[in-house]
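Good morning, and thank you for joining.

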Amino acid sequence: MRLPYLLLDIDGVLIPFPNADGSTPATHTRHDVVPAGRSADNPVTVWLDPDHGRQLLDVFRTGLFTPVWCTSWRQDATILIGPLLDLPALPCVDLPRPQITTSHPDGYLWKRDHVDAWLGDAPAVWIDDDFTNLDHAWAAERTAKGTPTLLVQPDPHLGLQPEHLAEITTWVAQLPVARAA
């Protein structure tokens, strides 16, 4: 079995959504970034936890995953977000810019069909804040057919937590590829 991909979203995972009062976690630092196609006089404000970079690097250094961005930030993930967290350049799942008004146009996360095609029969851990029950059923079906798949869903107002990283490390350590290494 080959190494599982670690698919990493940004919004709601590394960049938490503000609470009703507009607050974000005290652990996060404000940054203004200019995504591709946006004017420098109209930056996007993001809040990032500087500890996420170190925590993710610790997981990457296990050698048990192939980390990949899986985000609507697309290549801006590597150009803008990764450097703010001292992360290396990562490949990115090539997601389209769909014309949708909901992230679940078919009852499941809009990225899923693209991710499914991109993964093929590769095992994966996918961290995203926006899964539905249909996404969890998809992951269970992949696993039942012999392609281990774990979905990790942080609270979008808190984002990625150390326990999520512990969960994925424990999960991958039980795969045949980890035991062989």
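Helix α3 passes helix α4 in a right-handed crossing, a crossing being right-handed if the near helix is turned clockwise from the far one by less than a right angle, and left-handed if anticlockwise. The model is predicted, so local features need pLDDT of at least 70 and side-chain atom pairs count only at pLDDT 80 or more, while totals for chains, interfaces and linings use all residues. Residues are numbered from 1 along each chain as its sequence is written, and side-chain values use heavy atoms, with hydrogens and water left out.

The axes of α3 and α4 (residues 133–144) come within 12 Å and cross at roughly 15 degrees; axes are lines fitted to C-alpha atoms, for helices over the stretch in contact, with angles from 0 to 180 degrees between N-to-C directions. That makes α3 roughly parallel to α4, the term for angles under 35 degrees. From α3, the contact (heavy atoms within 4.5 Å) is made by Arg-112, Val-115, Asp-116 and Leu-119, and from α4 by Leu-134, Asp-135, Trp-138 and Arg-142.

Let me turn to Arg-112, which lies in α3, residues 112–119. Is Arg-112 buried or exposed? Arg-112 counts as buried because its relative accessibility is 11%, and buried means under 20% relative accessible area (1.4 Å probe, protein chains only). Its side chain reaches the backbone oxygen of Leu-134 at 3.1 Å. Leaving aside residues up to four places away in sequence, Arg-112 touches Trp-126, Leu-134, Asp-135 and Trp-138.

Definitions and conventions: Helix = DSSP H or I, 4+ residues; strand = E, 2+ residues; numbered from the N terminus. Buried < 20%, exposed > 50% of the residue type's maximum accessible area, 1.4 Å probe, protein only. Polar contact = N/O pair within 3.5 Å; in protein donor to acceptor, adjacent residues only side chain to side chain. Parallel < 35°, antiparallel > 145°, perpendicular 65-115°, else oblique.
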